[in-house]
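Please look at the sequence and the structure first; the description follows.

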Amino acid sequence: MKIQTKTLIVFIVAFAASIFAGVFIYIAITQTKENAAKSVIVSGLNKEIFRRANLLDEYLLYRTESSRAQWALSGRMIDGFIGEAEKIFNKSDERKILVSIEESNKIIKQTGEQLFANFSTEPDTAKFSRKIEMQLMDQLVIARSRMIDQVNQLEIVIREKVAVLRQKLNIRVGMIVTLLFFIILADFTWIQKIIRKLAEKDAKEKAMLISIGDGMIAVDKDGRIIAMSEKTEKMIGWRFDEVKGKNLRDVVPVIDERGEIIAKEKLPMYLALTAGITTTTTTTYSYVRKDDTSFPVSMVVAPIFFEGKIIGAIDNFRDITKEKEIDRAKTEFVSLASHQLRTPLTAVSWYTEMILSGDVGQVVPGQKKYLEEIYYGNKRMIKLVDTLLDISRLELGTFKVNLKPTNIIALARYVLAEEKPKIEKKKLVFKENFGSDIPAFSTDPSLLRMVFQNLLDNAVEYTPEKGAIDLKVAFDSAKKNILITVSDNGYGIPQNQQDKIFTKSFRADNIRNYNTSGTGLGLYVVKTIIDQLGGKIWLKSEEGKGTEFYVSLPFK
Amino acid sequence: MYLSHLNDIIKYMENDKIILIVEDEKSLREALNDKLTREGFTVFEAKDGEEGLEMSRKVRPGLILLDLLMPKMSGTEMAKKLREEEWGKNVKIIILTNLTEEEKVKRELENSVYEYIIKNDVRIDQVVEKVKRILEC
């Protein structure tokens, strides 16, 4: 049963029990009230009967008019009591007695009136004899004692009823107390069950969270650790109770491949907490353990939203040491294989060249055509192998960044000279715009050369004939950087693929048709180099209109 | 044998027409040999550094085309040994290399004069051009 249903049942039972108890108390109070009223009437009646008797005695003794008047008053009181009694004495036995009381009262009243009328205050002038007076007196006494008896009888009846009611009430109170006790007990048990279930649910959820087989750290909105998986403890070397409530940034510093601590503003966790951005990383980041060693991680950091607000963030991460090792082994293999490929490729190239130049006899046109295909196919392979080698060296880090004072304009011109035949062949309009005030700065010329080469190669390759290409190099002395801009009015890069353009082996859909020999490696090489040189690369592009690549390099 | 016969001839030849190719890859070695022979040079071959050193002592070439990665003795080692010998100090050397070895060579042969050819970057006629240019000056 659902917890909501259970709490509802507990509430309904408690509500019904209190209504029941309320009704019972109301009935008990009304009944008690009624009985009290009856008792008051009966005792009042009793008292008044005796008073009336006394008044008669008084009259007979002193013969004063006041006694007679009081007697009549008392009679009216008694009538009043009887009138009240008629309203509330509604049980048949009570009514029967009441009727007989009324009868006796009537006789008393009549007899009394007779007595007062005939025996005035002057007994000597009495119309009747003493004997008659005595007779009337007797009658009166008989009726009176009968009435007293009847009233007593009524009192007894009521007392009995009160006694019975009290007994009944006692039993009912006992029953209700017992019932309420059980209801409360049942409710309490249920509430306890509900609490236990809630606690269990909570504990289960927590167990689920901490049993996640990957690294998992949850933080609150201020970046303080509120939960972590057991696996995390093993990975980072800290126990949860050691770091609970501490700022994640202080506990687990994040470093890049060069071992430098990543700035707070660049951390995925910061982005999640401040901007609600979910970040997925694959490489470059490493976590520092308790013992100051580190391991590379792949992580997904996502904000935790609750009722539309960011209440924290959760970091799921994995140790990718093995992946990195495999990746390295793969890169090493590529490097080795490319190396081995170079010699036979050179041999094919040289021999084909010698045949083509007629070194070993005349080549007929048909043969020449095929040989040229072999030659250019081989050239493509050489270029690909070179690129693969460059990549593997960049990835393995064997390409040590070799900083030298470099004249960037001379370097650009050198690459342009290489590109010139291709530019001319496609009749492209080339414009250069080199800042006149660019001093030599410290960078790696051979790596930077590859940047120029790849960006210009692409611009030439992916711009249709008679298109335009611009190369701009400028120095921003305020920002202390060098800005290279390579723009073309070529095929462009589709908007939805621009974010993937720097990934390895990625080629935009629209240019696959124009050039089938592209490898999708050029911009990856460029990006890797720019990263190593500490620069930035970004682009603006519109499909069918052209592309602009921007490279900014630190001026050192 | 073959060499001792040749020795006499060589003495009378201008040694700037003699080229020694030290390269362990047979296909590349023979391609260069064929091409340079057709261009009118006298070409000798050696397939490793050790053989190259021995051969160069005998034939005293005007130019050595020297591969780097070879069994027994590497190109750089051979070049160093060559430069230690009196006659070998000024022998012209063109190093045949793959791109990746550039830095290493620069480090190891810092005090030695040599030219540099990246094998799979050049056409064979460019090699010939370079050889001619170097021998002329």
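Chain A holds 13 helices and 14 strands; helices here are DSSP runs of H or I with at least four residues, strands are runs of E with at least two, and both are numbered from the N terminus. This is a predicted model, in which local features need pLDDT of at least 70, side-chain atom pairs count only at pLDDT 80 or more, and totals for chains, interfaces and linings use all residues. Residues are numbered from 1 along each chain as its sequence is written, while chains are lettered from A and ligands numbered from 1 in the order in which they are written.

Of the 556 residues in chain A, 24% are buried. A residue is buried if 20 or more other C-beta atoms lie within 10 Å of its own, exposed if 12 or fewer, and partly exposed in between, with C-beta atoms placed from the backbone. Two residues are in contact if their C-beta atoms, placed from the backbone, lie within 7 Å. Among contacts in chain A between residues at least 6 apart in sequence, 63% join residues at least 24 apart.

Let me turn to the annotated segments. An unreviewed UniProt entry places the feature "transmembrane region" at residues 6-29 and 169-191 of chain A; such annotations may be inferred rather than shown by experiment, their feature names are shortened, and their positions are given in the numbering used here. In the model, residues 6-29 of chain A are 100% helix and 0% strand, with end C-alpha atoms 35 Å apart. Residues 169-191 of chain A are also 100% helix and 0% strand, and there the end C-alpha atoms are 32 Å apart.

Next, a pair of helices. The axes of α9(A), residues 321-356, and α10(A), residues 365-396, come within 8 Å and cross at roughly 155°; axes are lines fitted to C-alpha atoms, for helices over the stretch in contact, and angles run from 0 to 180 degrees between N-to-C directions. The two helices, α9(A) and α10(A), are therefore roughly antiparallel, a term for angles over 145 degrees. By class, their contact has 15 nonpolar, 7 polar and 8 charged residues. Ala, Val, Leu, Ile, Met, Phe, Trp, Tyr, Cys and Pro count as nonpolar, Asp, Glu, Lys and Arg as charged, and the others, Gly among them, as polar.

How many residues does each chain give to the contact between chains A and B? Chain A gives 16 residues and chain B gives 15. On the side of chain A that touches chain B, the elements giving two or more residues are α9 and α10. The largest share of that side, 11 residues, comes from α9(A).

In chain B, one annotated position deserves attention. The unreviewed UniProt entry assigns "modified residue: 4-aspartylphosphate" to Asp67(B), which the model places in strand β3, residues 63-67. Is Asp67(B) buried or exposed? Asp67(B) counts as buried because 26 C-beta neighbours lie inside 10 Å. Leaving aside neighbours within four places in sequence, Asp67(B) is in contact with Val22(B), Glu23(B), Asp24(B), Gly75(B) and Leu96(B).

Finally, the backbone. Most residues other than glycine have a negative phi. Lys72(B), however, has a positive phi of about 65°; Lys72(B) is found in the loop between β3 and α4 (75-84) of chain B. Asp292(A) likewise has a positive phi, of about 75°, and counts as exposed, with 8 C-beta neighbours inside 10 Å.

Note on methods. Parallel < 35°, antiparallel > 145°, perpendicular 65-115°, else oblique.
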